[in-house]
Amino acid sequence: MILQNRKRRTAAITACLAAMLTGVAAGTSRALTTEEVLNYKGADREQVLIDGAKKEGQIVFYCALIVTQALRPIADGFMKKYPFVKVSYWRGESEAIAQKLMAEIKANNLQADLVEGTGVGEIVVQAGQAVPFYSPKLEEFPTEYRDSRGLWAATRLSYFALGYNTKLVPIDKVPKSYDDLLDPMWKGKLSWRIESASGTPLFITNLRLAWGEDRARAYLKKLAEQKIVNFGSGSARTLVDRVMAGEYPIAMNIFAHHPQISKQKGAPVDTKLLEPTATTAGTMVVPKGVRHPYGAMLLADFLLSKDGQALLANAEYFPARPDVPPIDAISHVVPRTLGVKDNFVSPENLNKYTESSEAIYQELFR
Amino acid sequence: MLRVQNLVKRYQAQAGEPAGGVFGVSFEVKKGEMFTLLGPSGCGKTTTLRCVAGLETPDTGVIALDSAPMFDGDTDLIVPMYDRDIGMVFQSYAIWPHMSVFENAAYPLRVSRKIKYSRADIDKKVDRVLEMVGLLKFKNRSATQLSGGQQQRLALARALVREPKLLLLDEPLSNLDAQLREQMRAELKRIQLEWGVTTIYVTHDQAEAMAISDRVAVLDHGLIVQIGTPDEIYELPRSEFVANFIGRTNMFRGKLDTAAEAGGMGVVQSEIGPMRCKFPASSTAGQDIAFVVRPENIELHPLASAHAGQNVVEGKVTNRVYLGEVAEYSIDLDGKFQLLVRAPPANGVSAGDRVKAYLPPEKTIAIFS
Amino acid sequence: MSQIASSSPDIALAPPRRRGPRFSLPVIILSAILLVLILPPTIFLVKVSFYTTKPDGSFGDLTLKYYQQLFTGRFFFSSLINTTIYAIGSAFIAILLGTLQAIIVERTNTPGRKWVFLGAVISLGIPHVLYTVAWLLILGRSGPINSVIDHTFGHQAAINVYSMWGMTLIEGVGFVPLTFLLMSSVLRSTDASFEEASMMSGAKPTRTFWSITLRMGLPGVMALLLLVFIRAFESFEVPALVGLAGNINVLTTNIYQSSKGTGAMDYGQSGAYSVCLLLIVVGLLYWYNRLSRHAHQYQTITGKGYRPRVINLGKMRYFTAAALILMFMLVTGLPLVMLVFTSLQPFYEGVTPESFSRFTLENYRVLMGPGSFRDSIWNTLILGASTSTFVVPFTALCAWLAVRRKPGAWVLDQIATAPLVMPAIVMSVAFLYVFVNLPIPLYGTLLSVILASSVRFMPYGMRYAYAGVLQIHRELEDASSTSGARQGNTFLRIVLPLLAAAMISSWLFIFLLAVQAVSLPLLLVGPGTEIVAVTLFDLWQNGQVTELASMGITWVSLMIVVSACFHFVTRRYQVMAS
């Protein structure tokens with residue numbers, strides 16, 4: 001795969017060079033290939049993209065962001081900046097996006113130009129349906145938040161932590177480490193979400209990656225004694241609501257910022273980060289056969305820019321861009337500001353380990 | 001007018017239910033005639049009617065209306081029911097509850113495709129037919145607000161409104177009480193005569209059939225056993241079944257002495273002695289014969305009377321039921337046979353008496369047993 | 001007057017027809033439409049169960065492993081037993097309460113009985129997941145009932161809703177509106193004389209109900225049993241939300257749990273399960289169709305004019321009114337009050353004394369803000385109305401042909417009922433593949449969603465219509481035919497109007513379900529076509545329960561308005577049919 005990509009990249013560079021040469025020779029700007037557009041590094045990048053996007057007129061964005069808070073403001077912000085491009089978006093969870101996208105690709109009826117989500121990126125990459133792209137904004141991101149092959153780029157981060165009911169869990173009893181969770185006093189009082197890859201599998205994967213298989217397994221075996229409530233259908237947010245309502249004193253592996261948002265309103269709930277804190281990223285990818293490459297790149301640049309990332313921050317997401325802080329209400333659950341060590345579970349690792357972590361869950365916790 | 005020939009319609013037998021249907025029914029109905037299909041339930045009369053209506057597709061046979069074929073089993077020709085120009089009244093009346101009285105009656109005109117009726121035409125025709133059945137003043141009522149008799153009239157009005165060639169009545173009176181039934185029967189007859197519409201009437205009630213019909217076909221087990229005027233059917237039954245089904249009768253068995261011609265007389269050596277009988281059909285000597293005699297045709301005489309000789313039997317009156325105009329006597333003929341006699345009540349015969357009974361040869365009808 | 005008969009115009013008859021083929025033309029056309037609509041998802045379902053699914057969603061090797069896993073899994077037997085208890089229990093609750101309501105409403109002079117319809121509409125208007133959530137809030141550890149017990153008796157969390165009875169109760173109660181609507185349309189069109197005859201024979205009202213009313217309404221009751229029972233076997237939301245948290249597995253949640261880890265897009269096991277259910281349904285339907293052989297037993301709409309029987313209860317009617325109110329509270333009132341309460345809270349922390357000082361309209365403000373479901377409401381109403389308007393007459397026609405035993409028409413019922421057992425997600429993926437591959441540009445359009453959701457709700461329409469047609473006395477149609485009407489005319493002018501009561505219930509039912517469906521439209525709708533399902537989904541995934549509740553309340557209010565309009569429009573027919 002990598003070899004192939006390298007070959008492809010060499011080919012692309014050669015093509016670029018050739019294009020530049022012929023372009024100079026002819027003295028006119030000829031149409032770029034899709035591959036060239038996606039990897040255009042010239043200083044006139046924005047102008048080239050704008051010119052191309054004007055001709056395209058529209059782009060289609062498949063995205064897992066909440067519509068009202070994030071997706072629509074981003075689309076609106078983008079269209080305000082580039083009024084000649086009409087952005088139409090489709091919202092679904094990662095799995096649904098992947099499903100739809102794969103169906104479109106196989107039917108040779110691709111609609112999406114840019115795809116964003118937490119799990120979808122890696123599925124598309126694994127299926128060999130992502131194409132490399134470049135954005136100058138990525139230079140400002142840590143290397144772990146972008147793919148060395150250029151196939152994906154992180155847009156936002158998620159931190160996973162304990163959420164607990166402050167009325168049911170006295171401040172001095174709040175578990176401060178994973179080992180504290182093994183205290184018999186929590187037997188039957190812990191809950192976690194078994195539904196998605198970001199539920200139980202992530203919890204397990206995080207420990208396996210951070211501690212190694214043996215230590216993780218020994219710990220999980222003990223944890224299984226605690227008779228954890230397997231919270232079924234319903235989102236992580238729903239689980240936090242249950243904790244607030246006093247159904248369960250503690251929820252493990254929920255999104256760290258959810259309790260904070262409710263705490264602001266006075267709800268009896270709080271977040272506790274455990275070390276190592278699992279961190280994942282939402283990513284974006286460009287599908288093979290993209291119809292509007294100029295527009296797609298324009299939107300990618302926008303999403304990764306300070307403006308775009310600020311819009312994400314406003315929607316209570318953690319921007320992947322280091323120089324855009326999250327909103328105050330949730331800023332103090334960022335591991336590095338608290339001095340807590342985080343463990344970035346890359347999209348590759350998340351995908352690779354999910355199945356085996358799920359098997360561990362099936363074996364120990366059902 | 002209507003010709004039905006060798007009509008066969010078999011139903012597959014289902015567990016617990018006998019196989020019904022008709023197995024070769026033929027008859028003709030003359031123009032303006034009231035023709036009745038009479039028989040016990042399951043005899044095939046309703047099946048025949050539904051085949052004529054087109055509601056059932058026969059297996060084989062021919063149905064022709066005014067010499068135009070409606071169904072021909074040989075050529076697989078079927079005229080769909082809606083093209084047959086037939087009106088039908090159902091046992092349950094089948095009045096549509098979602099329509100008014102007027103709309104129920106107007107329906108056949110509204111769905112007509114052969115002729116497009118104007119609004120005025122429809123109003124006129126429906127009013128006329130409703131008036132005839134006496135429902136004009138209810139025309140705007142909901143059909144569900146009608147009484148049973150009124151619904152029956154409405155069903156008739158609906159069947160007649162487009163002046164069909166043929167009117168089919170499927171036990172139309174069976175859901176009415178006795179008094180209303182008689183009244184409606186008369187009215188049916190009146191309307192039928194007034195409109196001169198050829199009618200096939202289906203019933204299991206022989207009195208009704210006798211009262212209303214020009215001709216009657218008696219069905220049994222999917223076959224027509226006799227066709228004739230009510231008088232013929234009553235007076236000259238051609239089979240045990242007909243004799244028993246139509247009114248009450250006495251029946252005895254025996255052997256024929258000497259050959260008898262059709263319409264002639266013959267002597268039967270029977271279980272109650274030699275009897276001179278009328279033979280509607282010719283018979284050969286030695287044939288097994290049964291004969292029937294209606295209770296009201298038998299004369300009763302005191303034992304001491306001089307009445308003797310042919311066609312007289314002796315017995316003891318075991319029971320006498322007084323019915324007003326007549327009395328019914330049960331007579332025990334030497335312990336083996338019973339004779340039912342209907343005679344004037346004032347003849348001085350009472351229970352316990354021994355009597356002589358005379359079976360008039362003209363009224364003692366031979367049938368093949 | 002013999003000239004009248006002879007004056008009847010002697011116009012050439014339509015050309016006589018030859019004896020028809022074994023399948024009549026309308027049956028062939030309808031079957032073709034049905035097959036085009038339903039075969040693709042069915043084939044997909046079967047394929048999913050027999051082929052491995054690769055991570056990119058394409059099919060891999062032929063395998064029997066999903067069936068093997070299904071039957072040999074660790075939890076198969078316990079799940080099977082749980083499922084059976086759950087299905088029987090919830091079917092029992094739903095049919096008992098629904099039928100009771102229907103009897104009181106249709107057969108007594110209980111004051112305020114007509115309001116039960118409103119109650120049914122309200123419950124159906126609450127999106128199903130929200131309904132479940134509402135019940136969890138009521139019965140939950142911090143819910144009002146447990147609080148009261150805690151305060152009076154000092155038992156903490158005395159009631160544990162995350163249990164078998166909790167699941168069964170919530171599922172059963174959720175189906176009450178369906179059973180009520182179906183039973184009341186059955187009762188409404190049953191001629192009083194049948195019951196009167198029984199009463200006159202000396203049978204007590206209860207006896208009459210058991211041996212006459214229920215017996216005559218058997219097709220309706222059976223249809224209900226079939227629907228509720230199969231739905232319970234197939235239901236996922238309640239077992240997942242309620243059962244899983246109490247470690248009670250039914251077959252669906254068991255499959256869900258054991259297949260979730262094997263790959264994101266692998267529906268193999270749930271496909272295998274659905275295929276098994278499909279076979280069971282085919283068997284049940286075969287048996288159910290035998291009912292129509294004895295159709296005459298159920299023909300309660302006769303040509304003799306029917307009027308439903310209304311029993312004057314005297315003083316007892318206050319008692320039945322109380323029973324209605326009680327049932328209304330159970331089925332609709334409590335969940336609704338709970339949702340209203342929750343929607344007015346900044347966050348939900350149980351029904352505590354403090355919570356009453358925290359009422360706020362903030363959730364509604366957010367909901368009504370720009371870019372919320374305001375924009376998507378029209379698309380959603382179009383989706384619901386089109387789905388119902390297509391399904392109801394279509395299934396009426398299919399059911400009529402099937403009940404009247406038109407050659408080959410039994411096929412229609414079988415095909416139209418197949419979608420009942422298909423999980424929404426499998427169906428949506430199947431339709432995704434169908435539409436995305438079509439040469440005509442249907443993919444992503446609202447029309448494609450309408451088609452898919454028509455298929456999804458076809459079985460419900462079919463059951464309503466089938467039970468309805470069975471009640472129509474054959475002679476009512478024969479009378480039309482002998483009046484000179486063609487089959488089509490008979491259907492339009494006689495059958496449809498007589499079916500009005502059943503069809504109106506069916507329309508409303510399908511409409512209310514179609515507008516709140518989430519997973520099916522979500523995957524099929526294209527970019528730019530906004531529907532409420534997306535908002536609902538977003539709130540479900542990321543919203544707080546208080547926001548979700550406010551959405552539910554707003555939605556229910558809207559549904560009441562829509563249903564009221566609908567009721568107003570169809571009032572004429574309802575009066576006519578009763």
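Domain bounds in these legends come from an automatic or database domain assignment. The structure is a predicted model, in which local features need pLDDT of at least 70, side-chain atom pairs count only at pLDDT 80 or more, and totals for chains, interfaces and linings use all residues. Residues are numbered from 1 along each chain as its sequence is written, while chains are lettered from A and ligands numbered from 1 in the order in which they are written.

**Figure 1. The two domains of chain A.** Chain A is divided into domain 1, covering 2–157 + 281–319, and domain 2, covering 158–279 + 328–365. Their centres, taken over C-alpha atoms, are separated by 33 Å. Domain 1 of chain A gives 12 residues to the contact and domain 2 of chain A gives 15 residues; two residues are in contact if their C-beta atoms, placed from the backbone, lie within 7 Å. On the side of domain 1 that touches domain 2, the elements giving two or more residues are α6 and β10 (277–287) of chain A. Helices (H or I, at least four residues) and strands (E, at least two) are DSSP runs, numbered from the N terminus. The largest share of this side of domain 1, three residues, comes from α6(A). The residues on this side of domain 1 divide into four nonpolar, five polar and three charged. In this classification, Ala, Val, Leu, Ile, Met, Phe, Trp, Tyr, Cys and Pro count as nonpolar, Asp, Glu, Lys and Arg as charged, and the others, Gly among them, as polar.

**Figure 2. The two domains of chain B.** The domain assignment of chain B gives domain 1 (2–235) and domain 2 (248–368). The C-alpha centres of these two domains of chain B lie 40 Å apart. Chain B has no contact with chain A, and the closest C-alpha atoms of the two chains lie 48 Å apart.

**Figure 3. The contact between chains A and C.** Of the two pairs of chains in contact, chains A and C share the most contacts. Chain A provides 53 residues and chain C provides 48 residues. Among the elements that give two or more residues to the side of chain A are α4 (67–81), β2 (86–91), α5 (94–106) and α15 (347–365) of chain A. The element that gives the most to this side is α5(A), with nine residues. By class, the side of chain A that touches chain C has 21 nonpolar, 18 polar and 14 charged residues.

**Figure 4. Helices α5 and α15 of chain C.** Helix α5 (residues 115–125) and helix α15 (residues 316–343) of chain C pack at an angle of about 25 degrees, with their axes 10 Å apart. Axes are lines fitted to C-alpha atoms, for helices over the stretch in contact, and angles run from 0 to 180 degrees between N-to-C directions. The helices α5(C) and α15(C) are therefore roughly parallel to each other; angles under 35 degrees count as roughly parallel, over 145 as roughly antiparallel, 65 to 115 as roughly perpendicular and the rest as oblique. From α5(C), the contact is made by Val116(C), Gly119(C), Ile122(C) and Ser123(C), and from α15(C) by Leu324(C), Phe328(C), Val331(C), Thr332(C) and Leu336(C). By class, this contact has six nonpolar, three polar and no charged residues.

**Figure 5. Arg317(C) and its surroundings.** Arg317(C) is placed in helix α15 of chain C. With 18 C-beta neighbours inside 10 Å, Arg317(C) counts as partly exposed. A residue is buried if 20 or more other C-beta atoms lie within 10 Å of its own, exposed if 12 or fewer, and partly exposed in between, with C-beta atoms placed from the backbone. Leaving aside neighbours within four places in sequence, Arg317(C) is in contact with Thr108(C), Asn109(C), Thr110(C) and Pro111(C). Arg317(C) and Thr108(C) are 209 residues apart in sequence, and 7.8 Å apart in space from C-alpha to C-alpha.

**Figure 6. Helix α21 of chain C.** Eight of the nine residues of helix α21 (residues 474–482) of chain C are buried, so this helix is largely enclosed by the rest of the structure. The buried residues of α21(C) include Glu475(C), Leu476(C) and Thr482(C). What covers the buried residues of α21(C) includes α1 (45–53) and β7 (86–89) of chain B, together with α22 (487–498) of chain C. Just after α21(C), Gly484(C) takes a positive phi of about 105 degrees.
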